[in-house]
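Keep the viewer open as you read.

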Amino acid sequence: MKKTVRDIEVADKRVLVRVDFNVPLKDGQVVDDSRIRAALPTIQYLRERGGRVILLSHLGRPKDAPDPALRLDPVALHLAQLLGAPVRKLDELCGPSVEAAVAAMKPGDVLVLENTRFDPREKKNDPSLVEELARLADVYVNDAFSAAHRAHVSTAGLAMKLPAVAGFQMEKELLALEGLLAKPQRPFVVVLGGAKVTDKVKVIDRFLDLADRLLIGGAMALAFLKAQGGEVGASKVEEEGLEAAAAALARASSSRCELSLPTDLVVAEELSESAETKVVAAKAVPAGWMALDIGSRTAALYAEAIAQAGEVFWNGPMGVFELAPFAEGTRAVAEAMAACPGITVVGGGDSVAAVNKFGLAEKMDHVSMGGGASLEYIEGAALPGVEVLADRESE
Ligand code: ADP
Ligand code: MG
């Protein structure tokens with residue numbers, strides 16, 4: 001495990017904390033503040049112990065230059081409301097004015113620096129920016145697991161110049177994923193869906209080694225069904241996806257993990273809220289029809305497998321859950337997980353959005369904010385933002 005803020009002295013220290021405040025904004029307001037809330041435990045802990053908290057985050061994709069729409073002001077304002085304490089926001093990331101503001105901080109103060117990606121050096125992990133930011137602080141805390149697959153100045157580079165430890169959100173994400181990969185409770189059931197097989201080939205491989213059952217849904221399932229010779233009608237299946245699915249099927253046949261595919265599908269001729277739908281056998285999608293959700297028989301089978309699981313990991317919706325006629329498969333999986341007595345972990349931008357939409361996030365043991373980072377971690381990749389953190393001596 002990595003060292004965390006618990007393992008270091010923070011009283012009176014200037015603590016540079018990389019958080020993930022990359023939240024959706026609309027008309028200058030924060031629409032979904034879950035990422036800001038996720039950073040609160042670390043920020044509060046440091047404040048209570050007399051640390052001076054300097055926050056760093058990116059927001060959106062500015063083109064290596066300041067973009068007025070992507071300033072962190074609305075985020076800082078929202079943070080101040082959540083903390084019930086003043087939060088000072090600066091219009092710059094580094095330089096003399098920032099140094100002066102930091103020098104004026106008192107224990108417990110919170111300062112938000114400007115969007116890290118306004119500076120072209122951020123993504124290049126440029127040592128000169130590392131130098132300028134490191135000068136502001138005594139220690140560096142990384143609490144942005146979701147950005148840890150990037151080797152940028154704020155996510156990794158700062159560890160070259162400052163003692164580096166994990167924040168509580170980072171720790172929580174690592175513990176959940178480590179637990180799942182190192183010693184999952186059995187039977188370990190993995191549900192994979194979503195848009196493209198090619199994005200998740202390595203994740204499928206990893207779980208064929210690790211899981212007891214792999215339940216496939218979403219558009220991904222169609223590549224598998226087609227690879228088995230099924231008729232998929234007008235469903236979108238990428239050519240490379242077919243090869244990937246065929247390879248995964250071959251590996252599954254020699255794996256002790258049982259791979260399940262849908263037996264029935266919800267199909268429609270158009271992708272719309274008012275589309276007329278019908279349910280067909282999985283390998284018999286009529287010409288001109290698209291498969292847009294798993295059928296109710298499949299959903300019931302998957303729910304039953306989930307109910308019996310010691311641990312469940314779920315990534316990727318079972319259908320186009322954004323539209324009501326195709327949301328039931330995804331809802332069934334979410335509800336089965338919510339009711340499952342085993343450990344339940346959900347990861348992935350759209351899957352997490354689905355769980356939130358159904359109001360079931362609180363019923364899960366862990367809802368990963370990790371997105372791409374959690375999938376890379378599961379694949380077995382070393383995440384630069386995690387690698388650079390100090391290790392705890394093993395107990
Ligand atoms: P996550 O973000 O959870 O990792 P993905 O990004 O891989 O998930 O996929 C999510 C998208 O997949 C959703 O927008 C959903 O509408 C789409 N999707 C799921 N099933 C289908 C399907 N059968 N046909 C087309 N799109 C699908
Ligand atoms: Mg997604």
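Start at helix 1, which gives the most to the lining of the largest cavity, with three residues. (Helices here are DSSP runs of H or I with at least four residues, strands are runs of E with at least two, and both are numbered from the N terminus.) Before going further, some housekeeping: this is a predicted model, where local features need pLDDT of at least 70, side-chain atom pairs count only at pLDDT 80 or more, and totals for chains, interfaces and linings use all residues. Residues are numbered from 1 along each chain as its sequence is written, chains are lettered from A and ligands numbered from 1 in the order in which they are written, and side-chain values use heavy atoms, with hydrogens and water left out.

Back to that cavity. The search runs on a 1 Å grid over the protein atoms alone: a cavity is a set of points where a 1.4 Å probe fits but cannot get out, a pocket is an open set with protein on both sides within 12 Å along at least five of seven lines, and lining residues have an atom within 4 Å of a point. Points are joined across faces, edges and corners, and a volume is the space filled by probe spheres set on them. Over the whole structure, this turns up one cavity of 30 Å³ or more. The largest cavity comes out at about 100 Å³. Its lining has 13 residues, with Asp20, Ala38, Asp143, Ser146 and Gln169 nearest the centre. Helix 1 (34-48) and helix 5 (168-182) are the elements that give two or more residues to that lining.

Now for the ligand. Where does ligand 1 sit? You'll find it in the second largest pocket, going by the rule that more than half of a molecule's atoms must lie within 2 Å of the grid points. That pocket holds about 580 Å³ of space. It is lined by 28 residues, and Gly194, Ala195, Ala219, Leu292 and Val320 are the closest to its centre.

Zoom in on the ligand itself and there are 17 residues around it, of which Ala195, Lys200, Glu322, Asp350 and Ser351 come nearest; "around" means a heavy atom within 4 Å. As for polar contacts (pairs of N or O atoms within 3.5 Å), a ligand oxygen is 2.7 Å from a side-chain N or O atom of Lys200. For Asp350, a side-chain N or O atom is 2.8 Å from an oxygen of ligand 1. Taken alone, ligand 1 exposes 580 Å², and the protein buries 80% of that (Shrake-Rupley, 1.4 Å probe). Helix 11 provides the largest share of the shell, three residues.

Last stop, the backbone. Most residues other than glycine have a negative phi, and most peptide bonds are trans. Here the bond from Arg186 to Pro187 is cis, with omega near -5 degrees, and Pro187 lies in the loop between helix 5 and strand 9 (188-192). Asp27 is not a glycine, yet has a positive phi of about 50 degrees. Look for Asp27 in the loop between strand 2 (25-26) and strand 3 (29-30).

Methods:
Polar contact = N/O pair within 3.5 Å; in protein donor to acceptor, adjacent residues only side chain to side chain.
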